[in-house]
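Have the viewer open as you read.

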Amino acid sequence: MYHSEEDYPVLIAQGGTLNGQRWVLDQAITIGRDEACEISIPNRQVSRYHARLSLTREGILLEDLGSKNGTHHNGRFIFEPILLQDGDIIQIALAQQFSFLSSDATIPLDSEEMRETHVGEPLRLRLDNRSRRVWINKEEVLPPLSLSQYNLLELLYEAQGRVISRQELIEKVWGDEDAVGVSEQAFDALVRRLRDRLASIDHTHHYIITIRGHGLRLDNPPTNE
């Protein structure tokens with residue numbers, strides 16, 4: 001099913017004691033408090049053997065192992081095994097969150113594809129849409145952006161400085177059906193969180209610019225390195 005290590009799915013810890021750590025899912029992995037687990041979380045809310053990730057022909061299967069405080073999949077308790085999809089969020093009790101990526105394929109920072117820009121110079125902010133990783137001046141944004149944060153940034157990045165309306169961004173980030181129920185406050189909160197994440201790496205530049213009455217655009221100048 002997988003031809004190389006780059007093809008294997010990957011699990012990335014977000015927040016918690018394991019923040020930023022990555023695991024290539026090339027074998028079954030048990031998550032729990034016990035040190036014998038492949039992913040050990042030293043927290044009393046976590047059961048000794050809490051959850052398991054297994055490789056199947058259909059993909060990666062997540063199952064709760066009868067834990068005391070439960071396993072969440074995209075915010076919902078799981079009661080039976082479930083196949084993971086790219087971008088899914090896994091929560092172990094209230095102790096640790098993980099994001100699931102369907103592939104660990106990445107593009108090296110110095111590759112032509114990562115360095116190419118429309119003016120022939122490397123840009124300050126770069127992203128890899130295969131692995132959903134983001135760099136600013138060669139420093140990776142960690143922990144990884146949430147799925148909604150990344151989707152918003154990717155839309156602005158691909159627009160190459162063009163202004164995108166708020167409504168178009170909402171529809172593409174949340175989907176046409178769910179966009180109807182998204183409030184202005186929810187969208188503003190998402191933009192604010194994304195700005196904060198980018199500023200944690202580079203506080204000298206405002207990347208996401210609001211054009212009043214029109215929408216947002218990405219100001220992504222050439223790198224200063």
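Helix axes in this report are lines fitted to C-alpha atoms over the stretch in contact, and angles run from 0 to 180 degrees between N-to-C directions. One thing to keep in mind throughout is that the model is a predicted one.

**Helix packing**

Two packed helices are described by the angle between their axes and the distance between the axes. With that in hand, start with α2 and α5: their axes come within 10 Å and cross at roughly 85°. Angles from 65 to 115 degrees count as roughly perpendicular, and α2 is therefore roughly perpendicular to α5. On the α2 side, the contact is made by Ser148, Gln149, Leu152 and Leu153, while α5 brings Phe187, Leu190, Val191, Arg193, Leu194, Arg197 and Leu198. Sorted by class, this contact of α2 with α5 holds seven nonpolar, two polar and two charged residues.

Helix α5 also packs with α3, at an angle of about 80° and with the axes 11 Å apart. That angle makes α3 and α5 roughly perpendicular to each other. Here Arg166, Leu169, Ile170, Val173 and Trp174 of α3 meet Glu184, Ala186, Phe187, Asp188 and Leu190 of α5. The contact of α3 with α5 divides into seven nonpolar, no polar and three charged residues.

**A closer look at α2**

Does the length of α2 agree or disagree with what its residue count predicts? Helix α2 covers twelve residues, 147–158, and at 1.5 Å a residue it should span 16 Å; its end C-alpha atoms are 16 Å apart, so the two agree. The buried residues of α2 are Gln149, Tyr150, Leu152, Leu153, Glu154, Leu155 and Leu156. Among the elements covering them are α3 (166–174), α5 (184–199), β12 (125–128), β13 (133–136), β15 (208–211) and β16 (215–218). Just after α2, Gln160 takes a positive phi of about 55°.

Strands of a sheet pair through backbone hydrogen bonds, either parallel or antiparallel.

| Strand pair | Bridges and direction |
|---|---|
| β1 and β2 | three bridges, antiparallel |
| β1 and β11 | five bridges, antiparallel |
| β10 (89–92) and β11 (96–101) | four bridges, antiparallel |

Val10 has Val24 in β2 as its bridge partner, Gln14 stands opposite Gln97 in β11, and Ile90 stands opposite Phe98 in β11.

How many residues of β1 are buried? Five of the five residues of β1 (residues 10–14) are buried, so this strand is largely enclosed by the rest of the structure. Val10, Ile12 and Gln14 point one way from β1, and Leu11 and Ala13 point the other way.

**Thr30 in β3**

Finally, turn to Thr30, which has its place in strand β3 (residues 29–32). Is Thr30 buried or exposed? Its relative accessibility is 16%, so Thr30 counts as buried. Setting aside neighbours within four places in sequence, Thr30 is in contact with Cys37, Glu38, Ile39, Tyr49, Ala51, Arg52 and Leu65.

Conventions:
Residues are numbered from 1 along each chain as its sequence is written. This is a predicted model: local features need pLDDT of at least 70, side-chain atom pairs count only at pLDDT 80 or more; totals for chains, interfaces and linings use all residues. Side-chain values use heavy atoms; hydrogens and water are left out. Helices (H or I, at least four residues) and strands (E, at least two) are DSSP runs, numbered from the N terminus. The expected span of a helix is 1.5 Å times one less than its number of residues. Buried means under 20% relative accessible area, exposed over 50%, partly exposed in between (1.4 Å probe, protein chains only). Contact means heavy atoms within 4.5 Å. Angles under 35 degrees count as roughly parallel, over 145 as roughly antiparallel, 65 to 115 as roughly perpendicular and the rest as oblique. Ala, Val, Leu, Ile, Met, Phe, Trp, Tyr, Cys and Pro count as nonpolar, Asp, Glu, Lys and Arg as charged, and the others, Gly among them, as polar. Two strands pair if DSSP finds at least two bridges between them.
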